[in-house]
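Open the model in a viewer and keep the selection panel at hand.

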Amino acid sequence: MQYITLNNGLRMPQLGFGVFQVPDDEAERSVDVALQAGYRSIDTAALYQNEEGVGRAVRASGIDREELFVTTKLWNTDQGYENTLDAFDASLRKLGMDYVDLYLIHWPSPARNLYVDTWQALERIYSEGRAKAIGVSNFTEETLDRVVKETEIVPAVNQIELHPYLTQERMRAADANHGVATEAWSPLGQGKGLLDDPTLATLARKHGRSPAQVVLRWHIQLGNIVIPKSVTPERIRENLNVFGFELDDEDMATINGLNRDERVGPDPETFNK
Ligand code: NAD
C-alpha cells in the first residue's frame, strides 16, 4: 500500500474502499472482504446509512484500530455548528468508535450558507482528538477559498468526483495550491460507460490488466487518493492490485485526453439538498 501524507502529517492509504449505496448488512460483508484482501481505509458517510455495518466489520476483523483509516461525512441537513457536533456524536455511536481518522463536510450546499460555521465545529472536533484529520468534499474553488480565508485550519482533503471523463485539472490545482490532498470519488466513473471505453480497453491489453486497474493506476500516478467501490469479492481484490505495473507518460497523456467534463453525480455549485 502507498500512503499520502496529509497537511497535518497524518498518513492516509492512497487506495481505500467505498460503500456508497450499499445497504448496512451488505456493507458489513463487503468491508469484511476488503479488509481481508488488504484494504486499510474505508469511506462511509452518515447519508449511506451503513456506519453500523462498517463498524461491525472493523471490530470483527481483529485488525488494530490504529492500522485502519476510517472516513465518515456530515450530511447537509446537519450543517451548522451545534447540529454538526450532534451529528458527529451520532456517527461515532453508530460506528462504535471513539474517533474517526477523517471527518468530511459532504457538500458545501452553498444556498444554506452554513459551511463556515460547520467547518468551525469540525475544527473543535479535531482539537478534541476525535477526528485525526478534517476535510471537505465537493468543495469548489470559491467555497474552499472561503473556508481557508475565514477559519484557522486548512482542510486536509477535498473529496471530489474525478475520473478520466472528469479530470478536474483546475480543482486539483486549486487543492494543491492550498496544500489540500485531492481524493477521487466515483474514481471508476461508476463503472458503466467509462470502463467500456475503447481507449482504456487498448491500454488494458497493453498492460495485461483490466480497464478498472488501468484507471485506478492513472489516479495513483496522478497522486489522487482513490476509493473504488465494489460488492463483488473478485473485483474488490482486483481493484487493490494496482501497484505492480506502471503507465508511461504517453499512457497518462492518452487517459488525460479522455476528459469530457462529464459528471455522473450532482454539480456542487447547485446541489443544495
Ligand atoms: P465507482 O467509480 O467506485 O464505481 C463503482 C462501480 O463500478 C461498481 O458498482 C461496479 O459496478 C463497477 N466496478 C467496480 N469495480 C469494478 C471492476 N474491477 N471491474 C468492472 N466494474 C467495476 O463509484 P462510486 O461507488 O460512486 O464511488 C466510490 C466511492 O466514492 C463511494 O463508494 C463513496 O465511498 C464515495 N463517493 C463519495 C461521494 C461524495 O459526494 N463525497 C459521492 C459518490 C461516491
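Select Glu-141, Gln-168, Arg-170, Met-171 and Arg-263: of the 17 residues that line the second largest pocket, these lie nearest its centre. A pocket here is an open set of points on a 1 Å grid over the protein atoms alone, where a 1.4 Å probe fits, with protein on both sides within 12 Å along at least five of seven lines; lining residues have an atom within 4 Å of a point. This is a predicted model, in which local features need pLDDT of at least 70 and side-chain atom pairs count only at pLDDT 80 or more, while totals for chains, interfaces and linings use all residues. Residues are numbered from 1 along each chain as its sequence is written, and side-chain values use heavy atoms, with hydrogens and water left out.

Next, colour β8 (157-161) and α6 (169-178), the elements that give two or more residues to the lining of the second largest pocket. α6 gives the most, with three residues. Helices (H or I, at least four residues) and strands (E, at least two) are DSSP runs, numbered from the N terminus. By class, this lining has five nonpolar, four polar and eight charged residues. Ala, Val, Leu, Ile, Met, Phe, Trp, Tyr, Cys and Pro count as nonpolar, Asp, Glu, Lys and Arg as charged, and the others, Gly among them, as polar. The space in the second largest pocket is about 310 Å³, a volume filled by probe spheres set on grid points that are joined across faces, edges and corners.

Move to the largest pocket, which holds about 750 Å³ of space. Select Phe-20, Gln-21, Ser-186, Gln-190 and Lys-229, which lie nearest its centre among 36 lining residues. The lining divides into 17 nonpolar, 13 polar and six charged residues.

Now show the ligand, which sits in the largest pocket (more than half of its atoms lie within 2 Å of the pocket's grid points). Which residues come nearest to the ligand? Of the 26 around it, they are Asp-43, Ser-137, Gln-159, Ser-186 and Leu-188. Helix α9 (residues 233-240) supplies the largest share of this shell, three residues.

Technical notes
Near = heavy atom within 4 Å.
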